[in-house]
Amino acid sequence: MRKDAPKVGGMLFAQLLEASGDLAEAEHTVAVMIKEHPRTMPLYSMLARVRLRGGHRLQAMSALEAGLGATCCTPGKCGYQPPDPAMLRSLAILY
């Protein structure tokens, strides 16, 4: 099924990979989705979580920082999204 329609259910597929312990494939899947949808905050959080489970703390911090940079902008600009408190909290804990 996944080979027939690779773009369907990407986030769920990445979560299943993470749950099964295939962290490298989960990280790759989320990274591809981020390239396709760079302004989706939950993808960056998922990438950080996968990297953290794999023991890559600095890369997890980098993912969260990239997520804040890509999704949050100055108020008043078109497409403004406020910073995600959960993402900020996760980043503060990792620091």
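**View 1. The whole chain.** Residues 24 or more positions apart make up 46% of the chain's contacts with a separation of 6 or more, where a contact means heavy atoms within 4.5 Å. This is a predicted model, in which local features need pLDDT of at least 70 and side-chain atom pairs count only at pLDDT 80 or more, while totals for chains, interfaces and linings use all residues. Residues are numbered from 1 along each chain as its sequence is written, and side-chain values use heavy atoms, with hydrogens and water left out. Helices here are DSSP runs of H or I with at least four residues, strands are runs of E with at least two, and both are numbered from the N terminus. Of the 95 residues, 31% are buried, meaning under 20% relative accessible area with a 1.4 Å probe and protein chains only; exposed means over 50%, and partly exposed is in between.

View 2. Which residues of α1 are buried? They are G10, A14, L17 and E18. Seen down the axis of α1, these buried residues fall within an arc of 100 degrees, so they line one face of the helix; the arc is that of the directions from the helix axis to the C-beta atoms. The face turned away from the buried side carries the exposed residues L12, L16, A19 and S20. Cover for the buried residues of α1 includes α2 (23-36) and α3 (41-53).

**View 3. A closer look at E18.** Find E18 in helix α1, which spans residues 10-20. E18 counts as buried because its relative accessibility is 7%. Beyond its neighbours within four places in sequence, E18 is in contact with L23, A26, R49, V50 and R53. Just after α1, look for G21, which takes a positive phi of about 95 degrees.

**View 4. Helices α3 and α4 side by side.** Helix α4 (residues 57-71) packs with α3 at an angle of about 175 degrees, their axes 7 Å apart. Axes are lines fitted to C-alpha atoms, for helices over the stretch in contact, and angles run from 0 to 180 degrees between N-to-C directions. The two helices are therefore roughly antiparallel, the word for angles over 145 degrees. Residues making this contact include M41, Y44 and L47 of α3 and A60, A63 and L64 of α4.

How values were computed
Parallel < 35°, antiparallel > 145°, perpendicular 65-115°, else oblique.
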